[in-house]
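Some notes on the aromatic contacts follow. Please read them with the model open.

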Amino acid sequence: MICLVGSGMPQMGRGCHRWDMDAAGATRMPQVDVDAAGLCSRMKLLVGILLCSLVLGVSSQRWLTFLKEAGQGTRDMWRAYSDMREANYKNSDKYFHARGNYDAARRGPGGAWAAKVISDARENSQRITDRLKFGDSGHGAEDSKADQAANKWGRSGKDPNHFRPAGLPSKY
């Protein structure tokens, strides 16, 4: 498409103004061209989502439930993290990992999803900080694998007390 931009010089491009001429040759107000390719791709995306929703039978109620469970699961994970920081008890981190994932997964699929996303993000960020300053946020790859095992244990519905250290106050 050729259009006039700023100086009135012809330019090639998209999203520029098209200057219309009336019958007498006078220029009229510029009109913004619609990006047909972008509109088409957005339409395809929306049609794809609609078809997937119909095929899978996903109702808006299920999405709302999933989002609610994810929010509650996120709160469960935060509570476990806060309790771990408050307890400040030696060798208790695996217990709190398992407990947070267990509580979140009991909320339903949304909670289990939130627990997995949060756990994976935490472990990935811990790997980065370990590379920058070894030993500052954990004990390296072994500790990360053990944390992930505790996370998976909790998400699978197994009792998080399996990781509970002796002497941890009953409050937790």
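1. W78 and Y81 share helix α2 (residues 60-87). They sit three residues apart, about one turn of the helix. Helices here are DSSP runs of H or I, at least four residues long, numbered from the N terminus.

2. The model is predicted: local features need pLDDT of at least 70, side-chain atom pairs count only at pLDDT 80 or more, and totals for chains, interfaces and linings use all residues. Residues are numbered from 1 along each chain as its sequence is written, and side-chain values use heavy atoms, with hydrogens and water left out.

3. The structure holds five aromatic pairs. Rings of Phe, Tyr and Trp (its six-membered ring) pair if their centres lie within 6.5 Å; planes under 30 degrees apart are stacked, over 60 edge-to-face, the rest tilted. The W78 and Y81 ring centres are 5.5 Å apart with planes at 40°, so this pair is tilted.

4. W78 is exposed, at 57% relative accessible area. Y81 is partly exposed, at 35%. The cut-offs: buried is under 20%, exposed over 50%, partly exposed in between (1.4 Å probe, protein chains only).

5. F96 and Y172 pair edge-to-face, 5.9 Å centre to centre, with 75° between the planes. This pair links distant parts of the chain: F96 is in helix α3 (residues 93-105), Y172 in the segment after α5 (141-155), 76 residues apart. F96 is buried at 3% relative accessibility. Y172 is buried at 11%.

6. Ring pairs join Y95, F96 and Y172 into a cluster. R164 lies over the face of Y95, 5.0 Å from the ring centre. That call requires NZ of Lys or CZ of Arg within 6 Å of the ring centre and within 35 degrees of the ring normal.

Notes. Helix = DSSP H or I, 4+ residues; strand = E, 2+ residues; numbered from the N terminus.
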